[in-house]
Amino acid sequence: MVRFLNSRLFKFLFVIACLAIFTMSLMPGKQLPKGLPWDKALHFIGYAGLAFLARMGSKKHPSWQIIIGCILFSLLIEFLQQFIPNRGFEWMDLMANSLGVLTGVVVGYLLKPYLVKD
């Protein structure tokens with residue numbers, strides 16, 4: 001099988017994803033788009049994507065470091081939301097984020113040998 005993607009692309013996409021999650025997560029509650037689907041699914045999908053990009057883009061960091069780093073990023077955002085109008089810390093958000101991180105890292109670990117040429 002031909003590996004056709006470069007890990008630098010995933011690193012770039014990881015940075016963009018971090019900025020997007022950080023920005024959207026720290027918007028005041030009234031500025032969020034209306035009619036979003038189930039909140040916890042969005043958390044799961046967002047952090048699964050973030051962790052997937054991190055796993056695919058990293059050459060030297062083991063999966064456990066990526067998992068801890070992404071979960072700490074999630075925890076930081078949940079903490080900062082306490083200071084944003086109409087937002088707050090939610091343990092279930094942190095749980096959905098963490099499950100997404102674990103899923104994203106596992107999927108990235110399984111697919112990386114087939115997709116990324118280093």
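Reader: What covers the buried residues of helix 1?

Author: In this predicted model, the cover over the buried residues of helix 1 includes strand 1 (5-6), helix 2 (39-57), helix 3 (63-80) and strand 2 (116-117).

Reader: Which residues of helix 1 are called buried, and what makes them so?

Author: Buried means under 20% relative accessible area. In helix 1, S7, F10, A17, C18, I21 and S25 are buried.

Reader: How do you know that the buried residues line one face of the helix?

Author: Seen down the axis of helix 1, the buried residues fall within an arc of 105°, so they line one face. On the other side of helix 1, R8, F12 and L19 are exposed, a term for residues over 50% relative accessible area.

Reader: How do you know that the length of helix 1 agrees with what a helix should span?

Author: Helix 1 has 19 residues (residues 7-25), which at 1.5 Å a residue should span 27 Å.

Reader: Which residues lie nearest the centre of the second largest pocket?

Author: F14, A54, S58, H61 and I66 lie nearest its centre, out of 13 lining residues. The space in this pocket is about 220 Å³.

Reader: Which helix supplies the largest share of the lining of the second largest pocket?

Author: Helix 3 does, with 4 residues. Helix 1, helix 2 and helix 3 each supply at least two residues of that lining.

Reader: What kinds of residue make up the lining of the second largest pocket?

Author: The lining divides into 5 nonpolar, 5 polar and 3 charged residues.

Note on methods:
Residues numbered from 1 in each chain as written. Predicted model: local features only at pLDDT ≥ 70, side-chain atom pairs only at ≥ 80, totals over all residues. Heavy atoms only, no water. Expected span 1.5 Å × (residues − 1). Buried < 20%, exposed > 50% of the residue type's maximum accessible area, 1.4 Å probe, protein only. Arc of directions from axis to C-beta. Contact = heavy atoms within 4.5 Å. 1 Å grid on protein atoms, 1.4 Å probe; cavity = no way out; pocket = protein on both sides within 12 Å on 5 of 7 lines; lining within 4 Å. Points joined across faces, edges and corners; volume = space filled by probe spheres on them. Nonpolar A, V, L, I, M, F, W, Y, C, P; charged D, E, K, R; others polar.
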